[in-house]
Amino acid sequence: MVSIKQIQNFLVLAEILHFAKAAAQLKISQATLSSEIKKLENKLGVTLFDRSDKWEIKLTIAGKSYYNSVKNIPGDIFKAQQEAVKSSRGESGSLAVAVSSIAYDYIDLGMICKKMALRYPEVRMKILDMPMSLSRFDCLCHENADIAIFAGSDNIIMPDGFTAKKLLPLNVALAIHPQSQLAKIEKLTIKDLKNTHFIMPPAEEAPNLRKAWDEIFMTNCGSLPPVTHEVIGSRGVLQFVAAGLGVGFVFMHNDNIRHENIIFRNVPVKLNRSLLAGFRDGSTAPVINNFLRLLSETLPKTELC
């Protein structure tokens, strides 16, 4: 097999067309260069240089063809080395992020992507909006997404082979219509909510929240909470509450909840909900680590109310 060193020797001689000068540039003896070129010609089975005139060598037809074929190899090797270094630092490649709608209330993904583009311009970013938690997990499992950002319980059960990193806790509040009797109660208890119609996310979207709330209701009220409407997302919940259709859970943030026709009350029990980042167990992909680092830089600026 032809070595890279032999190709480099050939290229220098092919461009200078003078053994002594080419040897000096390569910092080897003229005899060594002549021997290496001969070895290369023997491996290829062709004559690369016409040596009939000892004062002026020339490329043969085969030599010209070989030169055109290999002249870019040193540059390609250097580029490959640079790409390998960039990949090891997370400075190139691609990153697909699946996000739920709530992520936009707490994290400025647009700004994060802008920072990624400025710091790592060779990283291709793809944001996947996924309405359902199971869809996000499917994306992770089938490698359509490298990381997912979503709301979940602190004891969430991730798919096999995946882990969840807690980004920040979420404050959950009850949204109540101002004409509801519950609006008159400053400090609600679970029993105050016994006969209340609830607007909740579908069980397949928030299985842990629904299960936790069912258990709380069964323990304190002896029955399951009456869920009359299923809605995904805080904006949808607010519209249904404003229409007087029931009480709903919303994630309270310092600037994402404003509605003049709704009153907010603290949930009478603690619901351990957090914004989470899910990814494959043991993932050490530098591009993922760089994204998580930029993500963490934005979190202190996002204070919970």
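1. A word to start with: helices (H or I, at least four residues) and strands (E, at least two) are DSSP runs, numbered from the N terminus. Keep in mind that this is a predicted model, where local features need pLDDT of at least 70, side-chain atom pairs count only at pLDDT 80 or more, and totals for chains, interfaces and linings use all residues. Residues are numbered from 1 along each chain as its sequence is written, and side-chain values use heavy atoms, leaving out hydrogens and water.

2. Have a look at helix 9 (residues 207-221), where Trp-213 and Phe-217 sit four residues apart, so about one helical turn separates them. An α-helix has 3.6 residues a turn, so residues three or four places apart point the same way.

3. Now for the rings. Those of Phe, Tyr and Trp (its six-membered ring) pair if their centres lie within 6.5 Å; planes under 30 degrees apart count as stacked, over 60 as edge-to-face and the rest as tilted. This rule gives seven aromatic pairs. One of them is Phe-198 with Phe-249, stacked at 6.3 Å centre to centre with 15° between the planes. Phe-198 belongs to strand 7 (residues 198-200) and Phe-249 to strand 9 (residues 247-252), so the pair ties together parts 51 residues apart in sequence.

4. Phe-198, Trp-213, Phe-217 and Phe-249 form one aromatic cluster.
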